[in-house]
Amino acid sequence: MIDGPLLWYLNRGTGFVILGLFTVTTALGILATGGRAGRGVPRFVSQSLHRNLALVSVALLGAHVATAVADSYVDIRWWQALVPWAGSTYQPLWLGLGTLALDLVLVVALTSLVRTRLGHRSWRAVHLLAYAGWAAAMAHTLGIGTDVRADAAWADLTVAACAALVAAAVVLRLGRLALPAGSRA
Amino acid sequence: MTARLRVDWPSCRARGLCHELLPELVDLDEWGYPVVGGEVTPDLLADARAAVRMCPRLALRLVAARPV
Amino acid sequence: MTAPPVRASDAPDVQEGPALLAGLADGPGLAAHRRRYGELPRPGLDDLLGALARLRVRGRGGAGFPFETKLRTAAAGRRPVLVVNLSEGEPASAKDTALALTRPHLVLDGAVAVARELGARELHVVVPTERPRAAASMRAALDERPERLRAVVHTADARFVAGQARAVLELMAGRPNLPVTSWQPEAVAGHRGRPTLLSNAETWAQVGRLVLVGERRYAALGSPDEPGTTLLTLSGSRPRVREVPFGTPWCDVLPADWAGRPVLLGGFHGSWVPWDALAAGTVSVDSMRAAGTPLGAGVLICPDEPPAAFTARVVGYLAAQSAGRCGPCRHGLPALAAAVDAGADDRAAELAGLVTGRGACAHPDGTARLVRSLLALRAGVRAGVSS
């Protein structure tokens, strides 16, 4: 176990970065799929971006979790980072949400890696859990995030911007669905 | 192996990635659905495999070419 | 829903025939059937395959696929399933209905004989919704059978594509009765991945008759290249079902009041044939196919209205009958209907090419064939070829 605030700052830093990354990943997933091939960015570009961003996010999530477990400032054992609400003493509710988010993200990521073997319908059913994973991550941030609780402006703004981005993406996607087929790009 | 591309039509939603990745063999009709050309030659095989992998609906398959 | 240009009949005028339709006065019961034909022999699989190959027995569902090949494929697999397709999705056809009403045990004898050779324990029968008398007659016939064979009856939707092979398999699996992509022939892997011998009711009746009367008597009718007979439906206010030996000249078959007018051969997915071309030919799968106007399921329509108007109505109906699962069909057929209606021949030809081969089933292909044949008929007329 390492003393000093380095791991703590790394944990908090990665936390916000991956919140942003997962938000953009989710927004891309909402917007870059659906509808026809058309003008603008080629579909395979936006989908590759979605995929690569997701992979980067997962990698950083690994760092976020590792720093939380390794840091002696908070008592989080490694299994409490994998199983939600497995008896941690540090902020159990909000930590559990974070663990839940991790589990959901892992399931989504792993099934996506073996997508061609799963078949489209099963893969898609699991992939929708990404929404739940993102929501759990947002709740985790709001509840456990030191900077959010301290009402740091940048922290609040980041969280608000993430929420707005996904909400806007959902609205746009729903709006696209409501249009008659002929006018869709 | 001589191969060709086959579309699983009920799954296809005209997303168009196959055309983006393999314009030599896949055109899009006026409604955005793929028009698959002829045989997949060895030089196009890698791109064809990428197109199969990247289809968001997994609606594209590489199958053995029918003997003439 | 658009009504079909020709309504499906549940009470066709069935005429006495030389083979399948012999002895109609006996009635459809099993006892009378056995009195006429005797007990169902067991020919042995190899002998049966040999006879089917020599007699070139082909499917009567429209594609004309060699039955021997299908049977051989299914026999090579494990736990095969047999399906009798009596759904007759083509409204203008009534031959399968005729068999259900008058000769159900010929159909079932064919299926049972093959089931025995394959060791199949399961027989599925698909009956239509919109022809309840035929369905009832088939069910009654199944009840009469003494064989310990598990028979499952499925009712196909009242839809044009409901009788398509994969759509039937979907129905049997408890899913919507609509086509899906077929990655392997159903004789290789069909119902639950098992080899599935799915054939038209008339095909089974032909096989049944072959087993009952033997190769020599079967080949006594027809031509050397195409032995046997086939059922035709002549459309009209009440459709007539006639059995004719292969090789019969068309002029012996066609009604007199059709003379001089183009005939739609093969049903809604068929082709227009000018009168002179048809009257010069014979009832033959091979020669009709070679002429580019396949016999299909033996449906002949000679509508009161001109070919263009009738075709426009048919294409409109077929567009409405699309399962809507495949983009090119869902978008292309309505566009094709509009083009035919407007007389836009170039656009119609372009669309016909665009929808062919781009669907899970042959619905767009058949519709395109109909349109192309109309265009060819018109081109022929313009060139002064024939009426």
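**Entry 1: chains A and B.** I looked up where chain B meets chain A in this predicted model, and I found 15 residues of chain B in contact with ten residues of chain A. I then asked which helices of chain B each supply at least two residues of the side that touches chain A. They are α1, residues 17-21, and α2, residues 45-54. Of the elements of chain B, α1(B) gives the most to this side, namely four residues.

**Entry 2: a sheet in chain C.** I turned to chain C and traced an open sheet of four strands, with parallel pairing. Its strand order reads β4-β3-β2-β5. Which strands form the edges? I noted β4 (150-156) and β5 (196-200) of chain C, since each pairs on one side only. From one strand to the next, the twist averages 20°.

**Entry 3: one strand pair.** I followed β3 of chain C, residues 122-128, and recorded that this strand and β4(C) pair in the parallel sense over seven bridges. As an example, I looked up C:Val126, whose bridge partner in β4(C) is C:His154.

**Entry 4: helices on the sheet.** I checked which strands helix α5 of chain C, residues 104-118, touches as it packs on the sheet: β2 (81-85), β3 and β5 of chain C. The direction of α5 makes about 165° with that of β2(C). Helix α6 of chain C, residues 132-144, also packs on the sheet, where it touches β3 and β4 of chain C. For α6, I noted an angle of about 155° between its direction and that of β3(C).

How values were computed:
Residues numbered from 1 in each chain as written. Chains lettered and ligands numbered in written order. Predicted model: local features only at pLDDT ≥ 70, side-chain atom pairs only at ≥ 80, totals over all residues. Contact = placed C-beta atoms within 7 Å. Pairing = 2+ DSSP bridges. Axes fitted to C-alpha atoms, helices over the stretch in contact; angles between N-to-C directions.
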